[in-house]
Amino acid sequence: MQAWQVHENGEPSEVMRLQDVERPAPGDGQVLLKVRAANINFPDALLCRGHYQIRPPLPFTPGLEICGETEDGRRVIANPALPYGGLAEYALADARALLPAPESLDDAEAAALHIGYQTGWFGLHRRAGLEAGETLLVHAAAGGVGSAAVQLGKAAGATVIGVVGGADKAAVARDLGCDVVIDRRAEDVIAAVKEATGGRGADVIYDPVGGDAYTQSTKVVAFEGRIVVVGFASGSVPSPALNHALVKNYSILGLHWGLYNTRNPGLIQHCHEQLTELAARGAIKPLVSERVALDGAAQAVQRVADGVTTGRVAVVLEHGAAV
């Protein structure tokens, strides 16, 4: 079979190689899946660079979420078991963790439903307790993680403010349903949020960026507001001033979605059922901005790493035509 392999750490476009390799053999409790589509995540770039919290042995195949097909023909969503990731014709996954792919989504959309939307659902509902009528601020609202949070926020009845970088991404955020869109390259984010909220600020802030975005969040979070920290795409990990959180009376909430797989896997299934229902009635639909063939995966991972993409980029395999 063909699979992308990383033999040394570095930039994805430089260290990913498409090779013919042996089809992996399932271990105890694992299942072999035919990859129909693989969604590219920013952590795939971190894996290539050797900067991710998990460091699989070299060589490994990136690809953290897929829509795959079981031997009996079922379409499923899975997180491949590294080092046999999803940017390949076949991948391995934990048999107990397979989730049914929603019939309302094609292969690329189904592959993109899992990590970003589960993170958004857990962050907004489980951690922040977002309620209808509240104001949600989403950083990087046109990106893969942010776009999921925007849709989930709207589905929950929140007023959504999206922060983006550039006019093209602003247009995407508006199409996603943001009530207010702020271009951080052309506007003062803090002033714009205060104007949009009448000076009150945002009740919930969803931050996959870190760095300056987090600093802005602390200045526009409302009384009893909640800042949900889900990642550091900027590359800068902020150091929160806890005296500021005390004085302004807001909460800083961390979210490591992967922990639920071991600490409370039943919630993963419950969340998937909620997401499937939302997808069935059209309340959410992954924004797949690009669909590339397997041989275009390395450049696609690099584009995600460089922050020039919107929504999700999916690798669609020929034997995995959309339903």
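With which residue does R36 form a salt bridge? Select R36 and D107: the closest N and O atoms of this salt bridge are 3.1 Å apart, a salt bridge being a side-chain nitrogen of Lys or Arg within 4 Å of a carboxyl oxygen of Asp or Glu.

Before continuing, note that this is a predicted model, in which local features need pLDDT of at least 70 and side-chain atom pairs count only at pLDDT 80 or more, while totals for chains, interfaces and linings use all residues. Residues are numbered from 1 along each chain as its sequence is written, and side-chain values use heavy atoms, with hydrogens and water left out.

**Salt bridges**

Remain at the first pair. Helices (H or I, at least four residues) and strands (E, at least two) are DSSP runs, numbered from the N terminus. R36 is buried, at 11% relative accessible area, and D107 is buried as well, at 0%; buried means under 20% relative accessible area, exposed over 50%, and partly exposed in between (1.4 Å probe, protein chains only).

Next, select R291 and E109, whose side chains meet in a salt bridge with an N to O distance of 4.0 Å. Since R291 belongs to strand β14 (residues 288-292) and E109 to helix α3, this pair ties together parts that are 182 residues apart in sequence. R291 is partly exposed at 43% relative accessibility, whereas E109 is buried at 8%.

Then move to D72 and R74, where the closest N and O atoms of the salt bridge are 3.3 Å apart. Here D72 is exposed, with a relative accessible area of 58%, and R74 is partly exposed, with 45%. The salt bridges number 14 by this rule.

**A helix pair**

Select helix α2 (residues 42-49) and helix α12 (residues 297-306). Their axes come within 8 Å and cross at roughly 100°; axes are lines fitted to C-alpha atoms, for helices over the stretch in contact, and angles run from 0 to 180 degrees between N-to-C directions. That makes α2 roughly perpendicular to α12, a term for angles of 65 to 115 degrees. F42, D44, A45 and R49 of α2 make the contact with V301, V304 and A305 of α12, contact meaning heavy atoms within 4.5 Å.

**The loop around D179**

Select D179, in the loop between α6 (167-176) and β10 (180-183). D179 is partly exposed, with a relative accessible area of 42%. Not counting residues up to four places away in sequence, D179 touches K154, A158, T159 and V160. A polar atom of the D179 side chain lies 2.8 Å from the backbone nitrogen of V160.

**Backbone features**

Most residues other than glycine have a negative phi, and most peptide bonds are trans. Select L58 and P59, which are joined by a cis peptide bond with omega of about -10°; P59 is in the loop between α2 and β4 (65-69). A cis peptide bond also joins L82 and P83, with omega of about 15°.

Finish at E224 in strand β12 (residues 221-229). Although E224 is not a glycine, its phi is positive, about 60°.

How values were computed. Parallel < 35°, antiparallel > 145°, perpendicular 65-115°, else oblique. Polar contact = N/O pair within 3.5 Å; in protein donor to acceptor, adjacent residues only side chain to side chain.
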